[in-house]
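Take a walk through the model below. Keep the sequence beside it.

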Amino acid sequence: MDEGYANLPTSHLLGSVPAALTPEERKPSPVAEVGTSRLQQFPPALGGTGGVGGGGGGGYQPPGTPADGDVETQTNWKGYFNVASYAPYFNVDTDVVVDRLISSVYPMDGFFRKIDANPDMYGPLWITTTLIFMLAAFGNFATYLMQRKTDLNIWSFDVGYFNWAASVMYGYAAAVPAIFFFLFQYFGSRPSLVRFWCMWGYSLFIFIPASVLLLIPVEFLRWVIIILVGGASSWFISLNLKECTEGADMMVLIASAAVLQFTLALFIKVFFFA
């Protein structure tokens, strides 16, 4: 009997003790190594060691990432033309928008530092849209107040003000920041297009209360108001552009942006509140 049991295969026993593995069998397979390495690298890095401001490559980066050089690495240009890429920039709290509105009126409040980590497009969009309707409506009303002193029969509501206001304001808020973004890049600076859009959009907020004050039917006071408002808005643009140029000598571009902002103020006065 003992010899019979001794001749039985060992696999018929309890099977709780695994067979010993050779050193070659203990090595993981190439498939397992690839899968493990891929899991360790998820999510994939967007750039090099420098993050947003680093020199490594990467695609379109979402908001909220720290900016070492005020620049978002953009090797994939599709990110600029993808609507979904801008959706996170509209996810902003009301308190944040109100704080940025206040900072846009008070240029010394460090506005660019506030939007550095989390720029938004919600505020600039509604600021520009509100300004368009206010310029068209109050521009017509200001014309009525001025002409009623002479002959009210020659006054009529000019619907064309809406077309002009929409074309100029939307075009200015979108095109001017983009132009200066490429100019700053050409001359060696590393700006952020979204931050430029955000900054220029909030710079238009001061023209909203100014359009109410321009209803005063006194031409001298209207010029005083628009000069003060245009100067404040230009100063706001200048201070924030200096802060984002990282000490580079860009005074010619900064002065050009300030002059262009003041020119916009003069256009508002001459065209809508003449």
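Predicted model: local features only at pLDDT ≥ 70, side-chain atom pairs only at ≥ 80, totals over all residues.

Residues are numbered from 1 along each chain as its sequence is written, and side-chain values use heavy atoms, with hydrogens and water left out.

Start at helix α5, residues 94-105. Helices here are DSSP runs (H or I, at least four residues), numbered from the N terminus, while strands are runs of E of at least two. Helix α5 has 12 residues. From first C-alpha to last, α5 reaches 17 Å, close to the 16 Å expected at 1.5 Å a residue. That expected span is 1.5 Å times one less than the number of residues.

Which residues of α5 are buried? They are Val97, Arg100, Leu101, Ser103 and Ser104. These residues lie on the same side of α5, because they cover an arc of only 165 degrees around the axis. The arc is taken from the directions from the helix axis to the C-beta atoms. On the other side of α5, Thr94, Asp95 and Ile102 are exposed. Buried means under 20% relative accessible area, exposed means over 50%, and partly exposed lies in between (1.4 Å probe, protein chains only). An α-helix has 3.6 residues a turn, so residues three or four places apart point the same way.

What covers the buried residues of α5? The cover includes α6 (111-116), α7 (122-147), α9 (193-203) and α11 (219-244).

Move to helix α6, where isoleucine 115 is found. Isoleucine 115 counts as buried because its relative accessibility is 0%. Leaving aside neighbours within four places in sequence, isoleucine 115 is in contact (heavy atoms within 4.5 Å) with Arg100, Arg195, Cys198 and Met199. Isoleucine 115 and methionine 199 are 84 residues apart along the chain, yet their C-alpha atoms are separated by 8.1 Å.

Now the charges. The structure holds six salt bridges. A salt bridge is a side-chain nitrogen of Lys or Arg within 4 Å of a carboxyl oxygen of Asp or Glu.

One of them joins the side chains of aspartate 99 and lysine 114, at 3.1 Å from N to O. Aspartate 99 lies in α5 and lysine 114 in α6, so this pair ties together parts that are 15 residues apart in sequence. At 35% relative accessibility, aspartate 99 is partly exposed. Lysine 114, at 27%, is also partly exposed.

Arginine 195 forms a salt bridge with aspartate 116, and their closest N and O atoms are 3.3 Å apart. Arginine 195 sits in α9 and aspartate 116 in α6, so the pair ties together parts that are 79 residues apart in sequence.

Glutamate 219 and arginine 222 meet in another bridge, 4.0 Å from N to O. Both lie in helix α11, three residues apart, about one turn of the helix. Glutamate 219 is partly exposed at 29% relative accessibility, whereas arginine 222 is buried at 0%. Salt bridges that share partners join Glu219, Arg222 and Lys269 into one network.

Last, the record. An unreviewed UniProt entry lists residues 121-141, 161-184, 196-214, 220-239 and 251-272 under "transmembrane region". UniProt positions follow the numbering used here, feature names are shortened, and annotations may be inferred rather than shown by experiment. In the model, residues 161-184 are 100% helix and 0% strand, with end C-alpha atoms 33 Å apart. Residues 196-214 are 79% helix and 0% strand, and their end C-alpha atoms lie 28 Å apart.
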